[in-house]
Every structure is written in structure tokens, then in C-alpha cells.
Amino acid sequence: SIMLYAGSEEHLTIPNTLGGYQVKTIAGGAFSSSAVLSVKTPENLRNIEGGAFAGCKSLKTVDLSASTRLSGVDHQTFRDCTALSEILFPDSIELIGSRAFFNCTALTSVTLPADLTSIYGQAFGNCTGMTAVTIPKGIVFIHIWAFDNHASELVISGYSGSCAETFATDNHIPFKALGTVVIPPLVLGETSHVAVTERKTFSFTPSTTGSYTLSVGSGAYSPTLSLYDGAWKLLSSGSKLSFKLIAGNPYYYACTLPTYDQASPDTYPITLRKAPGTEDGYEYEIAYNKATIIGYTGTATALVIPEAITDGGTVYQVTRIESYAFENGTFTSVTLPAQLSVINGGAFEGCKELRDIVIPDRLQRIYGFAFSGCTQLAKVEMSQWTMLIGDWAFQGCQNLTIHAPTDSYAHSYATRNGIRFASSGAMDVTPLVPDQDYDITFNKATARKLFSFTPTET
């Protein structure tokens, strides 16, 4: 991994090896704000972390084409590279992260790679000089703000029948057809063996509203499958998905091949099924001896999500709430289970009557849009253990105050996003000292300990 660049080269070709080791990662911020004019990345590169080249205001050309194992451009990677005018991608790129090229105002045109499936929020936001973008036929997700504040002359070239055409039409952007794409459907309850190297995008339009599961592959070579609601929302991602689908809406699946040095199978089994179980209106899935809530069909106004689900005589702790499980619910309060660890994106989006919620101590991750559009939400209580809150998790919650320990992750998130904050006390944290060993005793009552470190030099 390249952690930091302190050189003075203006035209930089990053070597394939350093110190006898292959260069596989460029760390976040490694080249940020440097004076480099051009960059060419190496063949072995697998990962460029967020913000790696952010603020390189002299950077004009970027050539990633040799890095054929690079699968994505992470969030804010080239943000504020205001002189960037040329970018060459390898076909292997499958996603472009949020704000990856935000404020690249000199970028006038871009041809996106053949394997691209996903363009995230403001990926090309404020690229005010961009007048032409070519999008491949396999695209299934373009966030509604992907080209936010674009040039009035922007023309999108792509394939009729793809979500590129839908995006252009819905946003009143001129569209130029390069051909037509027919997205093959999946049939409910049937297993298809799909040659994902030849065809990576699939669709399903449910006849009834309800919860579904989708599994793909088997064994070590299972690819990742991502599910999108039309052109706007990423619902879920993984080798086994659970989600709520609305009757009549088209949904799209993008298959991501695993990256292995050894050969992988030519085909993968993909199966779409209705959700396996319901208890008191809660639709659930059992995996890894845990329960995930994936939908709700009840009518309660004070929602108490169960601590556990009993399925086939076995009790499973509820540890996860899946994307959009409670979307547009009319309940006014929610009690979350104590063992909950993850709230996925959009889980409570649009719950306009929800007024307050207590996040349990065990919950570590709240993903993007989880409570977006909860316009009455006024109070969220969090502990020091919540370590990730996604972009726009509380978008549109104008009345919100976050209550959490001072200097916690929740505190910093509130500050960064302009959300009111109220301290619930001090954190229980142990500072680490370099080169000092620590002995830690754990028991079931206190099975976690939080440490901190503030470096004195970069």
C-alpha cells in the first residue's frame, strides 16, 4: 500500500512494485493536494481508497487503464481536481463512488467503462464543464444526484432500455441512443444458471408487494449481486439479499464477479424466492443463526421490534434490519431490539410520523438514508459504540437533535452534517500510547472496550 507521496514528480507513473512488493492499494489521502500534473496507475493495483487524489488542483490527466483488476473508484477519490480534463478507465471498473469526481470543473466529456453498473450520489456533481457522457449498456443504478449541477449542454449517450435512458428522460437531459439493450428477467422460484461473464444485468417486476430473497452462486467463487430500485436506490448488496418489493415496479440486479487469481466458474446459479417467514407482521430471514427483519405488514402505531424470532422451534436473535423494511411506515415510535447491530440503508425512510428513537448500545452501523424523510424526527439517542453513520442517513430531518457522548462518532457526525447535538456525558475511552503493551480483561458483562489515539505527526 502507498500510504503517502512526498515526492516532486509532476508526471507520475506509479511503479508496479515497491521494495519487492506489488503495489495493490493507494491509501486514502496518499496524494491529496499534491502538485502532480498526470498520473498513471500500475497493473497490480486493486484498490484506490477514498480521497486518494482529492484536491490535486494541478492534476490534468489520469490513466487507470493498466489497472485491469481495479473494480471501483471510491468516494471523493478525485474530488476538487479542478484541472482534470482527461480520465481513462479500465473496463473492470464496476462502480463510481459518491463525489468521486465532484467539482472537476475542467472535465468536459467522459466515456465510462464497459463493466460499469453503478454511479453513486454526486459522483460527477458540480462538473459544470461536462457536456458529454457515454454510459455502457450494463448500467443499473444512477443516483438521482449523480450529475448534480451539470452543464446545460450535457448530452447522455447510452442504450435504449437501460436505466441510462430512464435517468436522462426523468432529468430532462438529452439522450443519444447507441443501440438497444434487452435485460433478461428472473423468474420467481426458478433457479437460472447464468453466464455472468457474458451477461451481468437482470430484472424482475413483481406481481405482488412483499418480501423476497435472492441468492446467487455457491462456494468460494460466489459473485456479489446488487439490487436496485429502478435508477434511484441501492436496496441491498451481497451473495444473498433480502428486500421488500412493490408490485409493478421494475427492479434490476447487477452481478459483480469475484476477483481471484485462480480460475472461477463460467456460470452461477441465481434463485429468487418469496421471504421465508412472518411473525406478528414482521417478515424475516434466518442466516448465520441470526434473524434479519426484512419487512413489516402490521398496523401498529407504537412499533416494538422483537428481540428474537422463533422459527421451527429455534430462537434467533434479531441483529439486523434490512433496507426499506419499514419504508413509509405510519408509526409514531419504534423500540429497537437490544442486540441489533446494523440498520441498512432506507430502513425507516419516509416514516413521517416517527418522533424519537433510542439506538441500542450494540448497534454499530447505520447506513445511508436509514431515516431519510422522517420529517417529525426530533430526537435520536446514541451511545459511543455507533461507529458508522452513512451519508444522508438523516436527510430531511430538520427538527433533529442527536443525543450522544461528547467526542463520540455520533458527535462528529452531527457536527459535520449541521445537525443539532446534545451531550449525554463523557465517553468511556482508553488512550493508547505508542510502543506500550496493554493487558485487557473481558467478561460477558463488559465485553467491549474503546481505545483512542491522536498522532502528533503525520
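Student: Leaving aside neighbours within four places in sequence, what is S408 in contact with?

Tutor: S408 is in contact with Q384 and M427, where contact means heavy atoms within 4.5 Å. Keep in mind that this is a predicted model: local features need pLDDT of at least 70, side-chain atom pairs count only at pLDDT 80 or more, and totals for chains, interfaces and linings use all residues. Residues are numbered from 1 along each chain as its sequence is written, and side-chain values use heavy atoms, with hydrogens and water left out.

Student: Okay, and where is S408?

Tutor: In the loop between β37 (401-404) and α2 (409-416). Helices (H or I, at least four residues) and strands (E, at least two) are DSSP runs, numbered from the N terminus.

Student: Is S408 buried or exposed?

Tutor: Buried, because its relative accessibility is 2%. The cut-offs are under 20% relative accessible area for buried, over 50% for exposed, and partly exposed in between (1.4 Å probe, protein chains only).

Student: Switching to rings. How many aromatic pairs does the structure hold?

Tutor: There are 20. Rings of Phe, Tyr and Trp (its six-membered ring) pair if their centres lie within 6.5 Å; planes under 30 degrees apart are stacked, over 60 edge-to-face, and the rest tilted.

Student: Why is the pair of Y120 and F141 edge-to-face?

Tutor: Because their planes are at 70 degrees, with the ring centres 5.2 Å apart. Y120 lies in the loop between β12 (118-119) and β13 (132-134) and F141 in strand β14 (residues 141-142), so the pair ties together parts 21 residues apart in sequence. Y120 is partly exposed at 21% relative accessible area, whereas F141 is buried at 2%.

Student: What about Y296 and F326?

Tutor: Those two form a tilted pair, 5.8 Å centre to centre with 40 degrees between the planes. Y296 is in strand β27 (residues 290-296) and F326 in the loop between β30 (314-321) and β31 (333-335), 30 residues apart. Y296 counts as buried at 13% relative accessibility, and F326 is buried too, with a relative accessible area of 2%.

Student: Now strands. Which order do the four strands of the open sheet take?

Tutor: β1-β5-β7-β9, with parallel pairing; two strands pair if DSSP finds at least two bridges between them. β1 (11-13) and β9 (86-88) stand at the edges with a single partner strand each, so one side of each has no neighbour in the sheet.

Student: How many bridges join β1 to β5?

Tutor: Three, and β5 covers residues 38-40. For L12, the bridge partner in β5 is V39.
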